[in-house]
Each structure stands twice: as C-alpha cells, then as structure tokens.
Amino acid sequence: MRRSTRDGTEPGAVGSFQRYMEHGPPAIAVTRGAGHTLEFANQSFRRLTRVTAADIGRPIAGSVRGRPASGLVATLDHVFRSGAVARDVSMADDGDGVKQWRCTVWPQLDASDRPERLVIELWESRQADLTLALQREVAERMLLSALRERDATEKAEASSRRATYLAAEGRRLAESLEVAVTQRAVAQLALPSLAAWCIVDVFDSRGAMHRLRIVHPDAVKQVALRELEGRWSPEPSDPFGLPAALRHDAPTLIEAGQVDAALAAGAHGPEALKFLQAIDIGALLTVPLVVRGTLLGAVTFVSDGRDDNFTEEDIALAQELAVRSAIALDSAKMHGDALSLKALAETASRAKTTFLGTMSHELRTPLNAIGGYVDLILLGVRGPVTPAQEIDLGRIRSNQRHLLGLITDLLNFVQLGSGRVSYDITDVVVPDAISSAVSLVDALIVQRGLICEVCDDDDGLVARADAEKLQQILINLLSNAVKFTPSGGRIEVGCSATETTVHIRVVDSGIGIPAEKLDAIFDPFVQVKEGFAGRDTGIGLGLAISRDLARAMEGDLTVESELDLGSRFTIVLPRANRTTATS
Ligand code: ADP
C-alpha cells in the first residue's frame, strides 16, 4: 500500500528541487485529482493566497483565502477537463481593485494521457514583467520534469523492491527438496505491504484437502492458532482456501468488509470462530497453487489490519509467490517420488542378486557331480566304454563345462556387485601372465584354425595386480577373440608401458563391434549378436566382470574396434617400480 507524507517532502534530487521551489520567487502550487487537493504550495504561493501548511491535503477551493478562489477553481476545472495548458489567465478581483491575480496552469498527465495533477503558477498582474516570465518558463520545465522523475523513481523503486523480495522468497522456498520442509517454507509466506501472513491448504497423499500448520508472525497470535491445529480443516463450501481455488482457478478476494461473514462460514463452529476473531483477521486473498496444470493447493493471505484491502499489486505479488511455491512443492514431491522408486529398485535389485547368487551356487554342485561321474565312466571305472559311448560322454563333458562356465560368470558377477571379492595385489610379470593365459586357450585357437602371435616387445614388464584376476581377464579377452574371429584370422597379444602404467593388448582380426555398441558391451548381459560358434557364447557378463576387476585393481579395460576389421582390447594396470628379467 502506498503511503505519502502530508508535508509533501520527497527524497533525493526531487527533494533539493523542492527546497529551491519552496523559496524561489514564482508562487507555485500543485494539486492532485479532480477535487484539486493541494499537494504542494511554496512560500510565495502561501504568502499570496494565505494558504497555510495545514491546508496541504485539502481541496484548494476552501484553502485560498483573502480573495475569491472561484476564478482559480474554474480555471483548474477547465484544465483538468481539457488537459490543455491555460496560460496567463486573469481572474476577477473583488478586493482593492488595484492588483489582479493571473495564473498559468499546466496539467500533468498519467500513463493513459488523462490529467492527474495540475501545476499552478499565480502572480499579481503588475509583476508580470519579462524577468518573471522567463523565470516562470524555467520553473515550468523544472517542475514538470521533477514530477515525471518522481513518478519514474517511485515505480522503479517499487519494482526493484518487488524483484528482490521475490528472489529472496524463491531462494527460501527452493532451499530443501524435502516435502515437509518445503511445506513449512510455504506456510511462512507473507505479503510485506499488509503485514499479511497466510493459511496454506494442500491435497494430501489420498487426495483429501488438508490445512497445513499456520505460522503467524506474532507469537501471541500463534498460540491462539495452535489451538486450531488439526481441528480446523477446509470444507467444500468454504468461501476461501483450497475449496475456493477448486471452484475457480483465479485469485479469490474477500474484502475487509466481508471478512466477518466469510469467517462465520469458514470457521465451521463457534469454537474455531472465537479463536479466529481473537487474532484480528483482515481482508483475505486466496491464490491457487498450480503447476503443470495441476492444482496442488492454495495459499490464503490474511491481512493483519482490520481495514486494509489488497491492491492490484498485492494480488500480482501473491500470484508470483504462489507460482514459486507450487514449483517448490512439485519439485520436492518429484524428488520424494524418485527416492522411493530408487529405494524400491534397489530392494528389487538386491533380491535379484541374492537369488542369482543362491541359484548359481546351488547349480554348481550338481554340475560338478555330473562332470565327476562322466570322468569316472570315461576312465572305465564302471566297465568298458564303447567308442560311441566315449563320443557321447565327451559331448556331455563339454556341455557340462560350458554350463559351469556360465554359472561361474554369474557367481563372479554377483560377488563383484556385493563387494565380497578380495584382491591380493602383488608384482606380476606381465609376459609370464600372457604366456600362461595363451597356453590355456591354445587348444581352442588351434581348433578354430587361428594364428596367435605373442609379442615379446617388453620382456621384463611388471604390473601391480592380483595374478589370478589378471588371468581371468586375459582368458576372457582371449576366449572372446577366438569366438569372434573367423577361421584363418589372427590374434595378437602383447604389452607396452608408460612410466606409471602397463598396457596389455589383445587384438583380433575378427568381426569387430559397431561403434554405437562399444560402450554397451561392458554392461552386464549385453551381447552384440551371437558369436561365431553359437553355443559357445556366454551370457554377456565376461566384459562387465573383466572391467570391474581391472578397475578394482586401479586399472581399466578399454576397447577400440572397427566392424569387419577386428577389435583391440587394452588392459591398463599400475606399473610396479621394479623391472625384472623373465624368470
Ligand atoms: P559373452 O560372454 O557373451 O561374450 P562378454 O561380456 O564377454 O559376453 O562380451 C559381450 C559382447 O561383446 C559379446 O557378446 C560380443 O557381442 C561382443 N564382443 C566381445 N569381445 C568381442 C570381440 N573380440 N570381437 C567382437 N565382439 C566382441
């Protein structure tokens, strides 16, 4: 609400201008509105018209003394109606007949070009010499520009105050992503102009209307309001609050004069009404809390003064605050929902991991038994084995191994995810590790008709690693190279180093991997397509396990590949300080 001072004093540049005008020779006054309320009258004007400081704020008609003011008021009326300047108008004088008043009146127009104020210069006709005319012209320009400046300054200051307030409230509302904390922040909303506090209604999780705890800035009134907690809920016919917002999605204004009736209707009983009457409730303004087209609740601003009403600026500010509050409440709710979903997903994932772990463990035992009995039969322990039986038993054995491999992968993966894997990091001579891994897949390489080259480019290279885990990675990469390289192709294994890292490469001239899959192949259960030897393929866990193992040893596993030309996998490991000769 705007409050102006009765003596018309203004701050800043306008103030110093007024000081000059106050004591300058031209008799100047300013009136406001169609009733010509006197806003300002300088010393000369007061002397001439016998207007006093007490007349400021009153209509000029009753204030100008000593001479009839009717001529002056008629001129003012004319200028106010027409919006045109009246210059050098002479007025009838029923006084001594010697001196005559003359005046010039300028209208000051508002934004829609209607006169808002009038600036009056008054003089006695015999004074109308050239010097004064000049002074008048200068005064005219200065006065009009000062008035314009004052209005512009007021508007700029008001909008800057509003922007600062909104920014601060926006920050306060966005401080937390917890629903309860954000709701408390919304309940503390206020409109500074009317010292207004607020009542906040929201829909609860079951869709029922719920009134949040009311926060009153006055501690004594807060005690009275606490009595209402849990007892005063919104009801569909309420004239304010969420029920009003549900009926129409625009702001609902209940002016000071209608508040008693509104409270009687919205209190739902004499007891609550008694408490509400005790805390001096003024005008009410309900604004809906809407986000993405959904009504989340409503804020009802309550004016503290019994007679104050909300202005258009108050309503605009309340709506801005409601938008910010609705966004804050919505973000907090979405964050809460996301956390619940994450917790659900984690629980489901834990259950799945436990299931996989138990199942793979349980499957390994009978599978090992199958392998053992096949070996016993093959050894002839149960009697002689015919050549045809031997071939079949061989097939059983190779399928049993394949199944065991898949289950071992699953078990490894589950164990890695649960963090139950321990690492024995030592100095590992890399060429030895390569030779040992190659020897384990050698038979497969030969069987597939592939050429394998082991480069001894850095003979004594030593890495810091868990020897067994490095073996596991190498065997997995070599098996993949074999699986995905057509007969006659090449596989190359070698190592190199930087000052701090060792790089072991497994390169093949196989089918390659499409560029868009290069990242995905390290995700569990991802396979580009079935390998060359269909039934030999795994379940898409080998690379996921290998990269986890490499990373756990403070290294990494990377890939470069070109479709139809081949792939190059690189294991990166920390380099040991020493370099040994191959033992
Ligand atoms: P799998 O045990 O199924 O081979 P991996 O995790 O080891 O699972 O590999 C995932 C997928 O990455 C494979 O199914 C294959 O599509 C692709 N891949 C892995 N190594 C190679 C390679 N050397 N050449 C071409 N594709 C490969």
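A backbone N or O atom of Gly542 lies 3.2 Å from an oxygen atom of the ligand. This is a predicted model, in which local features need pLDDT of at least 70, side-chain atom pairs count only at pLDDT 80 or more, and totals for chains, interfaces and linings use all residues. Residues are numbered from 1 along each chain as its sequence is written, and side-chain values use heavy atoms, with hydrogens and water left out.

**Ligand surroundings**

The ligand is surrounded by 21 residues (a heavy atom within 4 Å). The closest are Asn480, Asp508, Gln527, Val528 and Leu543.

| Residue | Its N or O atom | Distance to a ligand oxygen atom |
|---|---|---|
| Lys483 | side chain | 3.1 Å |
| Gly540 | backbone | 2.9 Å |
| Gly542 | backbone | 3.2 Å |

**Helices α13 and α14**

Helix α14 covers residues 542–552. Helices here are DSSP runs (H or I, at least four residues), numbered from the N terminus. The axes of α13 and α14 come within 10 Å and cross at roughly 145°. Axes are lines fitted to C-alpha atoms over the stretch in contact, and angles run from 0 to 180 degrees between N-to-C directions. The crossing is left-handed, that is, the near helix is turned anticlockwise from the far one by less than a right angle; clockwise would be right-handed. In contact (heavy atoms within 4.5 Å) are Lys469, Gln472, Ile473, Asn476, Leu477 and Asn480 of α13 with Gly542, Leu543, Ile545, Ser546, Leu549 and Ala550 of α14. By class, this contact has six nonpolar, five polar and one charged residues. Ala, Val, Leu, Ile, Met, Phe, Trp, Tyr, Cys and Pro count as nonpolar, Asp, Glu, Lys and Arg as charged, and the others, Gly among them, as polar.

**Helices α12 and α13**

Helix α12 (residues 430–448) packs on α13 (residues 467–483) at about 25°, with the axes 9 Å apart. That makes α12 roughly parallel to α13 (an angle under 35 degrees). Their crossing is right-handed. Among the contact residues are Ala433, Ile434 and Arg448 of α12, and Leu470, Gln471 and Val482 of α13. The contact of α12 with α13 has 13 nonpolar, three polar and one charged residues.

**Helices α5 and α10**

The axes of α5 (residues 179–187) and α10 (residues 312–378) come within 9 Å and cross at roughly 170°. The two helices are therefore roughly antiparallel (over 145 degrees).

Definitions and conventions
Parallel < 35°, antiparallel > 145°, perpendicular 65-115°, else oblique. Polar contact = N/O pair within 3.5 Å; in protein donor to acceptor, adjacent residues only side chain to side chain.
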